[in-house]
Amino acid sequence: MKYNRREFIKTGGLAMAGSLAIPSFLESCASGSSGSDVTAIQWALNHFGVTENDLKKVLSTALEKGGDYADLFFEHSYSNSISLQDAAVNRASSNIDFGMGVRVLSGDQTGYAYVEDITLEKMQKAAQTAARIANSNSPKEPAKLAGDTAFNNYYSIKTPWDEIIVKDKMPYLQKLNDKIFALDSRVTKVMASLGDSTTHVLFCNSEGQTYYDYRPMVRLSAQCIMSEGDKIESNGASRSFRMGAEFLTDGVVETIAKEAVDKTAILFKSIKPKGGEMPVVMGAGGSGILLHEAIGHAFEADFNRKNTSIFADKLNKVVCDSSINVVDDGTIPFNRGAVNMDDEGVRGQKTYIVHEGVLTSYLHDRISAKHYGLPSTGNGRRESFRMMPIPRMRATYMESGKYNEEEIIASVKKGVYATNFTNGQVQIGAGDFTFFVKNGYLIENGKLTQPVKDINIIGNGPKALADVTMVGNNYLMDNATWTCGKDGQSCPVTCGMPSALVSKLTVGGES
């Protein structure tokens with residue numbers, strides 16, 4: 001049976017195998033066949049123009065100085081973007097990136113080099129460079145590429161992005177523009193963009209593991225500008241998933257349009273409140289940035305391994321109320337933060353960071369997992385082949401609790417209800433964080449009253465987590481275009497949570 005490329009991509013094109021003659025599990029399930037002339041990994045080898053023998057040679061060179069471990073990460077990505085402004089799609093761009101990186105581990109030290117020209121000679125030179133991190137006179141040989149294991153595909157697609165041309169995408173931006181203008185007469189300007197990317201990854205390591213992953217991504221966003229008298233306000237909305245062109249529907253256009261208009265319109269009624277220390281009710285969804293900034297980064301195992309995280313001595317200790325469970329998950333179907341395999345050959349998985357109030361796990365890559373004598377949690381991620389993997393979050397969220405949101409709000413005499421966030425940052429060592437709240441409401445005598453805007457919320461991670469006293473039963477994942485930066489690398493992530501009461505945070509407002 002000859003292999004149809006489109007069917008290959010639609011079923012995910014996923015395989016993890018040492019033996020390059022093993023067919024993809026998903027291929028077999030989709031076709032009902034027990035084999036194929038072209039396996040997933042063989043397809044990837046052909047795509048990158050390398051052979052199994054090439055991989056073995058480069059891995060052997062990488063270990064010639066006696067490193068403990070080596071891996072090769074091949075990546076081919078192509079991305080497209082179109083933008084609308086002044087009621088017309090007037091900008092389009094495309095980018096192609098191609099190359100591979102060689103990593104060598106020696107103890108907790110890393111040697112890394114990459115090339116954009118994938119020839120055996122250039123890959124060998126990169127491997128020699130990476131190998132210098134080790135200094136043994138006893139070279140090691142990589143394990144034979146043997147054995148086979150199938151793995152789950154969390155983002156199988158129906159229509160690959162390379163089958164959709166620009167003129168087929170343009171109507172969705174035009175619909176988004178027209179819908180926003182139709183929703184409110186105060187709209188004066190709309191800026192919208194649609195971006196898609198497709199990434200092919202081929203990975204192998206000195207332990208004999210090999211996998212191929214087909215990674216799609218799409219984002220659709222709109223910025224709405226409105227005027228009322230002499231006031232001008234702006235806000236926006238976005239959605240992003242690991243999906244193909246089936247993402248483009250009238251439904252997602254309507255959702256983004258309404259959200260952008262609603263979030264902008266409320267700002268005309270909003271004030272900047274008086275600042276101070278007060279209870280803060282975090283609204284469901286985007287409040288997950290509290291988890292990401294306040295504790296998520298501090299739970300990444302590299303910071304704890306180096307004793308720079310404030311949570312470095314709190315593993316297996318109670319850190320918050322027993323009703324609280326915090327998860328970092330790479331297995332949510334089509335989620336922006338989903339990973340079939342992380343970028344160092346570990347399966348995507350669901351990891352409880354906090355379970356029933358106890359800090360049960362850090363977020364590990366291979367280096368930290370070895371340090372702690374534990375399996376990796378599948379959090380080794382990188383921005384591209386030019387960079388080495390480090391522990392990174394995926395989709396970080398708090399599970400639902402037992403309270404209705406109305407009960408939580410009713411418990412607060414004077415405080416703030418925060419609903420819409422834009423960005424944040426944290427000092428890992430001290431645990432101090434801040435994030436910007438675009439809009440929310442005052443809480444007065446247990447009721448939402450005056451809308452508020454443009455406030456900073458400041459706190460300390462461990463203290464804020466310990467001060468969560470009520471957790472709602474309305475968990476919501478925020479599927480906006482969240483991107484996390486760390487050590488000069490950016491990675492797509494998501495965050496979410498139910499409504500929750502933090503009994504005491506500092507709100508930066510009017511003095």
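# Close-up views of a predicted model

**View 1. The second largest pocket and the strands around it.** Strand 2, strand 3 (88-106), strand 6, strand 7, strand 20 (476-486) and strand 21 (489-497) each supply at least two residues to the lining of the second largest pocket, as seen here in a structure that is a predicted model. The lining is made up of 35 residues, and those that lie nearest the centre of the pocket are Ser197, Thr199, Met217, Glu383 and Pro492. Strand 2 provides the largest share of this lining, with seven residues. Sorted by class, the lining of the second largest pocket holds nine nonpolar, 14 polar and twelve charged residues, and the space inside this pocket comes to about 830 Å³.

View 2. Strand 6, which covers residues 187-205, is mostly covered, since 16 of its 19 residues are buried. Strand 6 pairs with strand 2 (residues 69-85) in the antiparallel sense over 15 bridges, and in this pairing histidine 76 stands opposite histidine 200 of strand 6. Strand 6 also pairs with strand 7 (residues 210-228), again in the antiparallel sense, over 17 bridges, and here threonine 198 stands opposite proline 216 of strand 7. In general, the strands of a sheet pair through backbone hydrogen bonds, and the pairing can be either parallel or antiparallel. Where the chain passes from strand 6 to strand 7, the hairpin has four residues between the strands, and glycine 208 takes a positive phi near 95°.

View 3. Strand 20 and strand 21 are joined in the antiparallel sense over eight bridges, and cysteine 491 in strand 21 is the bridge partner of cysteine 484.

View 4. Strand 10 and strand 11 (residues 350-355) run antiparallel and are joined by four bridges, with lysine 350 of strand 11 as the bridge partner of aspartate 329. Strand 11 in turn pairs with strand 12 in the antiparallel sense over two bridges, where valine 358 of strand 12 is the bridge partner of histidine 355. The hairpin of strand 11 and strand 12 has two residues between the strands, and glutamate 356 takes a positive phi near 50° in this hairpin.

View 5. The largest cavity has a volume of about 40 Å³, and the count of cavities of 30 Å³ or more comes to one. The residues that line the largest cavity are Leu290, Leu291, Ala294, Ile295, Ala464, Leu465, Val468 and Val502. Helix 8 and helix 12 (461-466) each supply at least two residues of this lining, and helix 8 gives the most, with four residues. By class, the lining of the largest cavity consists of eight nonpolar residues, with no polar and no charged ones.

View 6. Because its relative accessible area is 35%, glutamate 163 counts as partly exposed, a class that lies between buried, under 20%, and exposed, over 50%. Although glutamate 163 and alanine 245 are 82 residues apart along the chain, their C-alpha atoms are separated by 8.6 Å. Lysine 413 has its place in the loop between helix 11 (405-410) and strand 16 (414-426), and lysine 413 is exposed because its relative accessible area is 62%. Leaving aside residues up to four places away in sequence, lysine 413 touches Ile443, Glu444, Asn445 and Gly446. Lysine 413 and lysine 269 are 144 residues apart along the chain, and their C-alpha atoms are separated by 22 Å.

Conventions
Residues numbered from 1 in each chain as written. Predicted model: local features only at pLDDT ≥ 70, side-chain atom pairs only at ≥ 80, totals over all residues. Heavy atoms only, no water. Buried < 20%, exposed > 50% of the residue type's maximum accessible area, 1.4 Å probe, protein only. Pairing = 2+ DSSP bridges. 1 Å grid on protein atoms, 1.4 Å probe; cavity = no way out; pocket = protein on both sides within 12 Å on 5 of 7 lines; lining within 4 Å. Points joined across faces, edges and corners; volume = space filled by probe spheres on them. Nonpolar A, V, L, I, M, F, W, Y, C, P; charged D, E, K, R; others polar. Contact = heavy atoms within 4.5 Å.
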